[in-house]
Amino acid sequence: MKIAQIAPLWERVPPSTYGGIELVVSCLTDELVRRGHDVTLFASGDSQTLARLEAVHPRALRLDPNVKEGIMYEMLGASQVYQQAEEFDIIHSHVGVWTLQLASIASTPTVHTLHGSFTDESSRVYTLHRTQPYISISDAQRQPELNYVSTVYNGIKIEDYPFVAQPKEPPYMVFLGRFSPEKGPQHAIAIAKQAGWHLKMAGKVDVVDTEFFEKEIAPFIDGEQIEFLGEVDHAAKVELLGNASITLFPITWREPFGLVMIESMATGTPVIGINMGSVPEVVAHGKTGFVCDSYEQMAQMIPAALELDRQTCREYVESRFTVSQMVDGYEAVYEQILRGRTPRNGLLHALRNSLESIAFVK
């Protein structure tokens with residue numbers, strides 16, 4: 001198949017530090033190439049890929065101080081793809097709403113992987129284009145009544161996550177993720193203090209979260225019990241997760257997937273998470289971690305998590321969350337969408353979506 005992959009532009013593919021979506025897109029794109037598909041990746045120009053790279057902008061937007069209106073680059077990227085739409089059998093979008101309008105009038109089918117959660121505003125936009133084919137990354141993520149064709153779990157390259165049979169001494173817990181309210185770093189600190197554990201924290205602080213970080217996180221960082229490491233690259237991330245006794249996942253929102261959970265379990269480190277969003281789908285309760293109903297309960301489950309078998313954590317990821325399994329799922333979706341599709345069907349599909357967009361009023 002001739003496949004276009006559309007990646008977000010804020011981070012390069014794969015990301016140098018933080019960037020779950022970009023890591024997934026990288027793994028998917030390269031594996032599709034290895035399987036013999038003709039793939040074009042639309043991404044930032046500093047991306048590295050086995051596919052043909054179409055650079056929308058020379059570097060990741062987050063790293064370019066000259067970028068003033070990121071929204072314009074998102075629009076530019078979508079336009080760049082659909083001007084070439086007829087060159088592809090299928091277009092795979094990972095950028096949310098930015099491709100919906102153009103996809104609705106293009107004869108080449110687009111499948112949309114939804115990597116984020118829904119707001120009231122975004123739900124209205126998606127509902128307007130509800131007949132387009134969507135892929136969820138967890139069943140819990142599904143909210144509006146959309147044309148979901150499959151759930152495909154994210155996958156990782158297991159070989160990039162060395163298994164660690166014994167955590168490092170002295171023991172510590174780890175929090176890895178964006179320092180934003182929805183990721184719950186403030187709760188990770190509270191859990192560590194309640195349980196008297198050393199906590200290592202790593203991740204990025206976006207500009208919009210600076211005030212939150214300064215008020216809710218920074219005052220508790222003492223470099224001893226609560227340690228802040230900033231952003232870390234892949235090698236440092238894997239070492240941090242693998243040497244930890246437990247990974248905390250104290251989110252406050254409907255997490256669509258949570259890549260750090262499978263990254264942690266792949267190294268052998270169990271996860272204690274809150275019962276929201278995808279957590280019950282990703283963590284095998286009582287086997288690879290614990291799914292808790294409160295942050296206080298998370299602290300209480302630390303002794304039990306220390307008794308879990310780290311090899312079981314590794315094998316669980318190998319059985320459910322590999323790149324190979326993820327790409328199998330996406331290939332099946334591509335084939336499903338293209339099967340029985342003719343140029344006439346494509347034209348009718350585009351016309352139906354266009355009329356629906358005009359007629360829909362809410």
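User: What makes the sulfur of Cys292 too far from the closest cysteine sulfur for a bond?

Analyst: In this predicted model, the closest cysteine sulfur to that of Cys292 belongs to Cys313 and is 14 Å away. A disulfide requires the two sulfur atoms to be within 2.5 Å, so a separation of 14 Å is too far for a bond. Over the structure, the count under this rule comes to zero disulfides.

User: Why is Cys292 called buried, and why is Cys27 called buried?

Analyst: The word applies to a residue with under 20% relative accessible area. Cys292 has a value of 1%, so it is buried, and Cys27 has a value of 8%, so it is buried too.

User: Why is the pair of Tyr153 and Phe257 called tilted?

Analyst: The centres of the two rings are 6.2 Å apart, and rings pair if their centres lie within 6.5 Å, so Tyr153 and Phe257 count as a pair.

User: How do you know whether Tyr153 and Phe257 are buried or partly exposed?

Analyst: The two partners fall on either side of the 20% limit. Tyr153, at 21% relative accessibility, counts as partly exposed, whereas Phe257, at 1%, counts as buried. Together with Tyr316 and Phe321, these two residues form one aromatic cluster.

User: What makes the pair of Phe175 and Phe179 edge-to-face?

Analyst: Here the angle between the planes is 65 degrees, with the centres 5.5 Å apart, and an angle over 60 degrees is what the term edge-to-face asks for. Both Phe175 and Phe179 are buried. The structure holds 11 aromatic pairs.

User: What makes Lys200 count as a charge over the ring of Tyr172?

Analyst: The charged end of Lys200 sits 4.3 Å from the centre of the Tyr172 ring, and the distance part of the rule asks for a value within 6 Å.

User: Which residues touch the most other members of the largest nonpolar core?

Analyst: In that core, which has 82 residues, they are Met173, Leu199, Leu248 and Ile262. Helix 13 gives the most to this core, with seven residues. Beyond its neighbours within four places in sequence, Leu199 is in contact with residues including Met173, Val174, Phe175 and Leu248.

User: How do you know which parts of the model call for care, and what is the pLDDT over residues 356-362?

Analyst: The predictor's confidence in each residue is given by its pLDDT. The protein chain averages 93, and 94% of the residues score at least 70. Over residues 356-362, however, the pLDDT is below 50, and this stretch has nine contacts in the model beyond near neighbours in sequence.

Key: Residues are numbered from 1 along each chain as its sequence is written. This is a predicted model: local features need pLDDT of at least 70, side-chain atom pairs count only at pLDDT 80 or more; totals for chains, interfaces and linings use all residues. Side-chain values use heavy atoms; hydrogens and water are left out. Buried means under 20% relative accessible area, exposed over 50%, partly exposed in between (1.4 Å probe, protein chains only). Rings of Phe, Tyr and Trp (its six-membered ring) pair if their centres lie within 6.5 Å; planes under 30 degrees apart count as stacked, over 60 as edge-to-face and the rest as tilted. A charge sits over a ring if NZ of Lys or CZ of Arg is within 6 Å of the ring centre and within 35 degrees of the ring normal. A nonpolar core is a set of buried Ala, Val, Leu, Ile, Met, Phe, Trp, Tyr and Cys residues joined through side-chain atoms within 4.5 Å. Helices (H or I, at least four residues) and strands (E, at least two) are DSSP runs, numbered from the N terminus. Contact means heavy atoms within 4.5 Å. pLDDT is the predictor's confidence in each residue, from 0 to 100.
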